[in-house]
Amino acid sequence: MTTRIRLCHLYPDQLNIYADRGNIAVLRSRAERRGYELEMIGVGVGEALAPECDLIYLGGGQDREQALIAPDLARRTEEISAALEDGAALLAVCGGYQLLGRGYRDRTGVEMPGAGVLPLETVAGEGRMIGDVSIECELDPGEMLTVVGFENHGGRTLLDSGAVPLGRVVSGFGNDGESGFEGCRLGKAIGTYLHGPSCPVIPGWPTGCLDRRSRALSASRPSSRNSTTNSSTRRTRWRWDGRGSAAGSFARRGSS
Amino acid sequence: MRIPLVISTLVARSAGAGSRLSRKGGGTTLPGRVLNALDPGASARLARRLEQGSAIISATNGKTTSAAMTAAILASRYRLAGNPAGANLSSGVATALLHTRGAELGLFEVDEAALPRVAEALKPRALCLGNLFRDQLDRYGELELLAERWRGVVAGLAVGSTLIVNEDDPQLAQLARGRAGVIRFGIEDARHGGPLPHAADARYCSACGVAYDYRLAYVGHLGEYSCPGCGFERSKPDIWAEAITLEGLAGSSFQLHLPQETLSVRLGLPGLYNVYNALAAAALGHALGARADEIAGGLESTEAAFGRSERIAIGEKELLLLLIKNPTGANEVVRTIVASGTPKTLVIALNDRIADGQDVSWIWDVDFEPLLDGLERLIASGGRAAELALRFKYAGFPESQIELVPRPAEALDRGLALTEDGGELVVCPTYTAMLELQKVLAERGHADPYWQRAARAREESGLPRSPK
């Protein structure tokens, strides 16, 4: 029996910059390798989230595209919160991450309201934060992961006191270049600046986030999680120079 | 105190000679960097010596090829100064200007982000804008920002200068609206159009923000669009291609409509994207006074520019180099490869240096999937070979058929070893990986170093050898 995982992709026409499509492809592949069918539902401006959704995905966009969807997203506070309370997992990257906070204040002081789902706000800063970034995070208690990606943002994201970051910056800027925090976690919701895409570099995600359908899923969940993740990335420090173990399972030839 | 031009140019040229002598490189940018540092106004003064003025080509994709085609069109008419080795930042243009002795017309390809500065110095009589795709957001910032800067460049063009735009790119068509002295080019052949691809950039009207209706798209977001919000729409171009026949990797042929006449053109470069490059060159050549026969002759005689679908014989085998650098360009390369029959072995080399774009996530926006049907082995190379392998894994390509060979030279050897005599090896490198391969090929005597080829290109375009 195939269990269906319902993914709502918010604003696929506007928020689709660099590798958001990769995230969707990875989610689909991971789901399928676990024997689940991924039902992808694009949700545009003015459209409602599909009922009973298991995953919500929100990508990044350029300023113009973000401005096009921001008013609509700001009206979804209750809708998204209800879905999260109902057990849905959420991944928001870059622009989507910023706009899930209370808002974005640009350099002239103009405020673009956000959905207010995540306990944070973002203010424009001097210069963009661009480059490879690696963070350490603990998605499952006691299990430290090094997650890497690429960041490219002008906004500085400030977490409310008590808010939980996704991880600590090892290298790169993270939320604001100062706090040492990257991203934000709220239950099964994750917001992050890491793209690259982020799913392949958050090993196993969203495996741990699929508990919502626990009755259906636990019955059919594969015994070995490694079989369904990028095994070489689990608990392994990714290195980005091609000499690392990131793709250690591929045949290698040539240089040592 | 300003350093006299004669001194600063002498010092700068010596730096270039030193660079070539020390075999560190071709000296295609160093002299210009020295010149810009000694005297930031030197480029503008050198440019004023060109009695026929200057022309500039900028685009995200295809500017090197368009510039090569334009040079071929104009070669019999003018002695040209230019930057055929693709050194297209302000330093590369300044270096080329150091070699202007005897040249009448400057013809420069210019990096998208460097355009404002270079246009300010050169005050071009003709500016050709080919396309604007998202590429290297890590370096350029957002596409909108770039379009905004280009708007400034267009506004600053001298009265009487000609603006040439690709009418199929709505952002560029918008830039040209209402301006006098515009030549618009485009494709008029619905058979080659399709739906707007997922990686398309300009989905929303830059005037009113409403999503464009695309009747069809040819390459990325280049196509026939109209805005249901404000009514802005593509208009019939002044110069266009129709009745296009694509002949896989061998090239294409099409009918080229110029304002006064129509001619048949056979292009030796593959793909619809090269038809766009040819249209840009034809329109710019037309703006600079070339006759129809010069345009056709120039287009037909143009060979691949430096690593863009370049063929190199290696013993009994042939190497085909196809540069990839952003989703739209790579998608067109994939489309062209598939049209000719997917090879069994493919080498892709992904680097992440500044010239490649440090953010390699763009590979996830490329449709590599059509290659999987027929591909037996992928040799993933370059500094980010591992991510390329991961991309193909998630595309559904079996891991057991992927080899990781990070060093491009070794990947080339491995690919050649898997290629039978008489066969062709297709290699798709990013920019700096291509430079690495070119260097290896030159060392092995299969190809000339790029600076020698640049010098030869200068010579062929009628320009005397650079001074000692």
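Q: How do the axes of α10(B) and α11(B) cross, and within what distance do they come?
A: In this predicted model, the axes of helix α10 (residues 272-287) of chain B and α11(B) cross at roughly 145° and come within 10 Å.

Q: Is that crossing right-handed or left-handed?
A: The crossing of α10(B) and α11(B) is right-handed.

Q: Which residues meet there?
A: From α10(B) there are B:A278, B:A281, B:A282, B:G285 and B:H286. They meet B:E294, B:I295, B:G298 and B:L299 in α11(B).

Q: How do the residues of that contact divide into nonpolar, polar and charged?
A: The contact of α10(B) with α11(B) has five nonpolar residues, three polar and one charged.

Q: What about α4(B) and α11(B), at what angle do they cross?
A: Helix α4 (residues 63-74) of chain B and helix α11 (residues 292-301) of chain B have axes that cross at roughly 135°. Those axes come within 7 Å.

Q: What does that make the two helices relative to each other?
A: α4(B) and α11(B) are therefore oblique to each other. Their crossing is right-handed.

Q: Which residues make the contact?
A: On the α4(B) side, B:M69, B:A72 and B:I73. On the α11(B) side, B:E294, B:I295, B:G298, B:L299 and B:S301.

Q: And how many of those are nonpolar, polar or charged?
A: In the contact of α4(B) with α11(B), five are nonpolar, two are polar and one is charged.

Q: New topic. Where does B:D168 lie?
A: B:D168 is in the loop between β5 (162-166) and α9 (170-176) of chain B.

Q: Buried or exposed?
A: B:D168 is buried, because 28 other C-beta atoms lie within 10 Å, and the cut-off for buried is 20 or more.

Q: What does B:D168 touch, leaving out residues up to four places away in sequence?
A: B:D168 touches B:G186, B:I187, B:Y218, B:L222, B:G223 and B:R234.

Q: How far apart are B:D168 and B:G223, in sequence and in space?
A: B:D168 and B:G223 are 55 residues apart in sequence. In space they are 4.8 Å apart, C-alpha to C-alpha.

Q: Switching to chain A, what secondary structure does it have?
A: Chain A has five helices and 13 strands.

Q: How many of its residues count as buried?
A: In chain A, 50% of the 256 residues count as buried.

Q: And of the contacts in chain A between residues at least 6 apart in sequence, how many join residues at least 24 apart?
A: Of those contacts in chain A, 68% join residues at least 24 apart in sequence.

How values were computed: Residues are numbered from 1 along each chain as its sequence is written. Chains are lettered from A and ligands numbered from 1 in the order in which they are written. This is a predicted model: local features need pLDDT of at least 70, side-chain atom pairs count only at pLDDT 80 or more; totals for chains, interfaces and linings use all residues. Axes are lines fitted to C-alpha atoms, for helices over the stretch in contact, and angles run from 0 to 180 degrees between N-to-C directions. Helices (H or I, at least four residues) and strands (E, at least two) are DSSP runs, numbered from the N terminus. Angles under 35 degrees count as roughly parallel, over 145 as roughly antiparallel, 65 to 115 as roughly perpendicular and the rest as oblique. A crossing is left-handed if the near helix is turned anticlockwise from the far one by less than a right angle, and right-handed if clockwise. Two residues are in contact if their C-beta atoms, placed from the backbone, lie within 7 Å. Ala, Val, Leu, Ile, Met, Phe, Trp, Tyr, Cys and Pro count as nonpolar, Asp, Glu, Lys and Arg as charged, and the others, Gly among them, as polar. A residue is buried if 20 or more other C-beta atoms lie within 10 Å of its own, exposed if 12 or fewer, and partly exposed in between; C-beta atoms are placed from the backbone.
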